[in-house]
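Me: I would like to go through this structure and ask, for each label, what it rests on. Please set each value against its definition before concluding.

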Amino acid sequence: ASSRILNLAVIPGDGIGQEVVAEGLKVLSAVLPKDVKLETKEFDFGARRYHATGETLTDADLDALKAHDAILLGAIGDPSVPSGVLERGFLLKLRFAFDHHVNLRPSKLLPGVATPLAGQPEIDFVVVREGTEGPYTGNGGTIRKGTEHEVATEVSVNTAFGVERVVRDAFARAQARPRKKLALIHKNNVLTFAGHLWTNVFNKVAEEYPEVSTEYMHVDAATIYLVTQPERFDVIVTDNLFGDIITDLAAAVSGGIGVAASGNINPSGAFPSMFEPVHGSAPDIAGQGKADPTATVLSVALLLRHLGHEAEATRIEDAVSADLGERGDLPARSTSEIGDALAARVAG
Ligand code: NAI
Ligand code: MG
């Protein structure tokens, strides 16, 4: 076999981002076949760069990132930076610039993992969250700021193009899964303009997928079902804001933030997709070796699957399952000890 190159941009970021990304790379190196050469370039985005230069993400940065096959991100954010600066100036800017319109967040309750839900429900679903529209586009403004007459708008932007491409992605994912179920989550009884666009597009695309069974539910009802009947879900498609909220709930019921992985995907491949744990930089435990690197390792599996390395992705997921299954019997391990154990499993 001719040798291939995996050209990876690495953004450890802030706080525990640094610690968990090191373990993600450790497992990635261990799992890659010999004929794939891993080339990484590290970027210093985050709070330190912002304090040093005032920059969050420049056009030159975007050009440099563009040249990679994929991006692995730890977390960006620190209490020393005003709220919104890094979220808008880095995370959202990158998602929009690289058109990461599919935000993929799988939720699977793995054996041996505790859930706050009673019993041990079977949880195995994936949320396809729209990533570039909705209320997150920065379409809004404020007047009379700081007065008793302050006005603020935050417009939800929904385009037929943007909705259709993410709905199509969700149907294709549902079709490829054994249960072939897809739920649209919105609030079309109250948010009627956006809600009807979503519902109409969803119903139209559904005609092309006769094998996929569909349902619609309001987002408030969905929060009930995610807790009372999580086994009911297979694939969920929803808008940017609803997706943000329900995926945190999904992470909470299916093993917690330490195991929740995500991908910010550009399915066309026009720009590199970015993979990251759902959690943030956890300043409360940063630098202490207490962070669980599992969410990052599972994000590496999503990255590999996206790039066509299905066998390696599955090896990582199996290693995580096996490791989690034995955790209850082990004394607490440090970040790097968990990384070492996972790397040993995927290599062996
Ligand atoms: P967080 O996810 O960083 O932490 C929430 C809680 O979960 C903390 O108690 C933390 O110790 C714990 N936790 C998180 N990850 C963990 C891990 N791998 N292992 C063990 N425990 C873990 O959320 P928080 O505190 O709201 O945000 C902290 C900073 O991270 C903020 O600046 C925020 O803006 C940023 N953030 C960045 C994200 C990103 O880069 N995509 C996503 C979410 C938050
Ligand atoms: Mg969130």
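Me: Why is Asp244 called partly exposed?

Reply: Asp244 has 18 other C-beta atoms within 10 Å, and a residue counts as buried with 20 or more such atoms, as exposed with 12 or fewer, and as partly exposed in between, the C-beta atoms being placed from the backbone; Asp244 is therefore partly exposed. By that rule Asp248, with 14 other C-beta atoms within 10 Å, is partly exposed. This is a predicted model, in which local features need pLDDT of at least 70, side-chain atom pairs count only at pLDDT 80 or more, and totals for chains, interfaces and linings use all residues. Residues are numbered from 1 along each chain as its sequence is written, while chains are lettered from A and ligands numbered from 1 in the order in which they are written.

Me: What places Asp244 in helix H8?

Reply: Helices are DSSP runs of H or I with at least four residues, numbered from the N terminus, and Asp244 falls in helix H8, residues 240–253. Asp248 has its place in helix H8 too.

Me: Which residues does UniProt list for "binding site", and why can they be said to gather at one spot?

Reply: The unreviewed UniProt entry lists Asp220, Asp244 and Asp248, in the numbering used here, although annotations may be inferred rather than shown by experiment. They span 29 residues in sequence, yet no two of their C-alpha atoms are more than 14.2 Å apart, so they gather at one spot.

How values were computed
Helix = DSSP H or I, 4+ residues; strand = E, 2+ residues; numbered from the N terminus.
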